[in-house]
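Biologist: Hello! Could you walk me through this protein, one question at a time?

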Amino acid sequence: MKKELKKISLIVNEILTLLLYHGAKDISIQINKENNQIDLIFIQNDYNFDIEFVETLRNDLKNQRQNEVEGYYWQLVGQDDSSNELQLVGAMIDESKVTLEGSTLTINIKRICDD
């Protein structure tokens, strides 16, 4: 379970860093763990990015979970500022939903725990 918790913290760190790097100032993070599922919810109020950023989030996070990629590369998340890291996060999660309603950006991520 320790390795699983480390993966979750790396995912949270990557998304939070990305939002902060792009100028977010008001972010809430909710982490819900129930049985073998963890739900991460990021809410950014007063959204001020363009729609291209939202589409990039949607595309990069919609990748199907890839256990073989995750097994080798999960420790690299957060190591540099490349755009490929968000795609790596996408390979580590089971579901994602990115919505923009008014000035609120919401990112919902679901991960089924392995350990």
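**Strands, helices and a core**

Modeller: Happy to. V98 has I107 as its bridge partner in β4. Keep in mind that this model is predicted.

Biologist: In what pattern do the helices and strands follow each other along the sequence?

Modeller: Start with the parts: the protein chain has 4 helices and 4 strands. Read along the sequence, they come in the pattern α-β-β-α-α-α-β-β.

Biologist: Which element has the lowest mean pLDDT?

Modeller: For the protein chain, the mean pLDDT is 83, and 81% of the residues reach 70 or more. Where pLDDT is low, the predicted coordinates should not be read in detail. Among the elements, β2 has the highest mean, 96, and the lowest, 58, belongs to helix α3 (residues 67-73).

Biologist: How many bridges join β2 to β4?

Modeller: Strand β4 (residues 104-112) and strand β2 (residues 37-44) run antiparallel. One place to look is I38, which stands opposite R111 in β4. The number of bridges joining β2 to β4 is 8.

Biologist: And over how many bridges do β3 and β4 pair?

Modeller: Strand β3 (residues 95-101) also pairs with β4 in the antiparallel sense. Within β4, I109 is the residue opposite S96. The count of bridges between β3 and β4 is 7.

Biologist: Which residue in the hairpin of β3 and β4 takes a positive phi?

Modeller: This hairpin has 2 residues between the strands. A positive phi near 60 degrees is taken there by G102.

Biologist: Is N108 buried, partly exposed or exposed?

Modeller: N108 lies in strand β4. It touches L40, I41, E95, S96 and K97, leaving out residues up to four places away in sequence. The C-alpha atoms of N108 and S96 are 5.4 Å apart, although 12 residues separate them along the chain. With a relative accessible area of 26%, between the cut-offs of 20% and 50%, N108 is partly exposed.

Biologist: Where on helix α2 do its buried residues fall?

Modeller: In α2 (residues 51-61), the buried residues are F53, V54, L57, D60 and L61. Seen down the helix axis, they fall within an arc of 140 degrees, so they line one face of the helix.

Biologist: Which exposed residues does the face of α2 turned away from its buried side carry?

Modeller: Here we look at the face of α2 that is turned away from the buried side. The exposed residues it carries are I51 and E52.

Biologist: Which element gives the largest share of the largest nonpolar core?

Modeller: That core has 26 residues, and those with the most contacts inside it are I15, L19, L61, I107 and I109. Two or more residues come from each of α1 (2-21), β2, α2, α4 (84-90) and β4. The largest share, 6 residues, comes from α1.

Biologist: Which residues is I107 in contact with, leaving aside its neighbours within four places in sequence?

Modeller: I107 is one of the residues with the most contacts inside the core. Leaving aside those neighbours, its contacts are I15, L19, L40, I41, F42, L57, L61, K97 and V98.

Biologist: What percentage of the residues in the protein chain are buried?

Modeller: The accessible surface of the protein chain comes to about 6,800 Å², of which 46% belongs to carbon and sulfur atoms. Of its 115 residues, the buried share is 37%.

Biologist: Is N35 buried or exposed?

Modeller: N35 is found in the loop between β1 (27-34) and β2. Although it is not a glycine, its phi is positive, about 55 degrees. The relative accessible area of N35 is 69%, and the cut-off is over 50%, so N35 is exposed.

Biologist: And at what relative accessibility does D46 count as exposed?

Modeller: D46 lies in the loop between β2 and α2. Its phi is near 55 degrees, a positive value in a residue other than glycine. D46 counts as exposed, with a relative accessibility of 56%.

Key. Residues are numbered from 1 along each chain as its sequence is written. This is a predicted model: local features need pLDDT of at least 70, side-chain atom pairs count only at pLDDT 80 or more; totals for chains, interfaces and linings use all residues. Side-chain values use heavy atoms; hydrogens and water are left out. Two strands pair if DSSP finds at least two bridges between them. pLDDT is the predictor's confidence in each residue, from 0 to 100. Buried means under 20% relative accessible area, exposed over 50%, partly exposed in between (1.4 Å probe, protein chains only). Contact means heavy atoms within 4.5 Å. The arc is that of the directions from the helix axis to the C-beta atoms. Accessible areas come from the Shrake-Rupley method with a 1.4 Å probe; for residues, only the protein chains shown count as cover. A nonpolar core is a set of buried Ala, Val, Leu, Ile, Met, Phe, Trp, Tyr and Cys residues joined through side-chain atoms within 4.5 Å.
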